[in-house]
Amino acid sequence: MPNIADEKASPGLEEFSLEFHGDRVQEVNLILELVKKKDLEGVRKIAHKWKGFCEPYGFNFLEELSINLERAAIDKNLSQIENTINDIMGYLKEKEVYIRK
């Protein structure tokens, strides 16, 4: 996992970090539901969306993880999807602690 303190939002977006984080947590819960339903295309769509806009908000590692998640969804690799989701949840927990400081 990267040093979260090194991840910086683009100027003007810093104030939205906590809201951005909360939205991603909600989407992780949606991803978990999609996985239960075996809707891997739905998982892929969310991952694809994330990889396009995480970095400007200072969530650089989430962008990297979303690339992995999208690839795993395309490959229909459920174990890799689950591993990546676990990595995403761990990252988001650490990121929240940092943001709230």
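Which residue follows α3 with a positive phi? The residue is K76, with phi near 55 degrees. The structure is a predicted model, in which local features need pLDDT of at least 70, side-chain atom pairs count only at pLDDT 80 or more, and totals for chains, interfaces and linings use all residues. Residues are numbered from 1 along each chain as its sequence is written, and side-chain values use heavy atoms, with hydrogens and water left out.

Helix α1 covers residues 17–36, 20 residues in total, and reaches 29 Å from its first C-alpha to its last. This is close to the 28 Å expected at 1.5 Å a residue, the expected span being 1.5 Å times one less than the number of residues. Burial is assigned by relative accessible area, computed with a 1.4 Å probe on protein chains only: under 20% is buried, over 50% is exposed, and values in between are partly exposed. In α1 the buried residues are S17, F20, H21, R24, E27, V28, I31, L34 and V35. Viewed down the helix axis, these residues fall within an arc of 125 degrees, so they line one face of α1; the arc is taken over the directions from the helix axis to the C-beta atoms. The face of α1 turned away from the buried side carries the exposed residues E19, Q26 and K36. The cover over the buried residues of α1 includes α2 (40–53), α3 (60–74) and α4 (78–100), where contact means heavy atoms within 4.5 Å.

Just after α1, K38 takes a positive phi of about 60 degrees. D39 lies in the loop between α1 and α2 and is partly exposed, with a relative accessible area of 32%. D39 and A73 are 34 residues apart in sequence, while their C-alpha atoms are 9.1 Å apart in space.

Helix α3 has 15 residues and reaches 22 Å between its first and last C-alpha, close to the expected 21 Å. Its buried residues are F61, L62, E63, L65, S66, L69, E70, A72 and A73, and what covers them includes α1, α2 and α4. For α4, the 23 residues should span 33 Å at 1.5 Å a residue, and the end C-alpha atoms are 33 Å apart, which agrees.

Two packed helices are described by the angle and the distance between their axes. The axes of α3 and α4 come within 9 Å and cross at roughly 165 degrees. Axes are lines fitted to C-alpha atoms, for helices over the stretch in contact, with angles from 0 to 180 degrees between N-to-C directions. The two helices are therefore roughly antiparallel, a class that takes angles over 145 degrees, against under 35 for roughly parallel, 65 to 115 for roughly perpendicular and the rest for oblique. On the α3 side the contact is made by N60, F61, L62, L65, N68, L69, A72 and A73, and on the α4 side by Q80, I81, T84, I85, D87, I88, Y91 and L92.

The buried residues of α4 are I81, T84, I85, I88, Y91, L92 and K95, and they pack against α1, α2 and α3. T84 has 1% relative accessibility. Residues up to four places away in sequence not counted, T84 touches L65, N68 and L69. K95 has a relative accessible area of 4% and, with the sequence neighbours up to four places away again not counted, touches I4, E7, H21, G58 and F59.

Conventions. Helix = DSSP H or I, 4+ residues; strand = E, 2+ residues; numbered from the N terminus.
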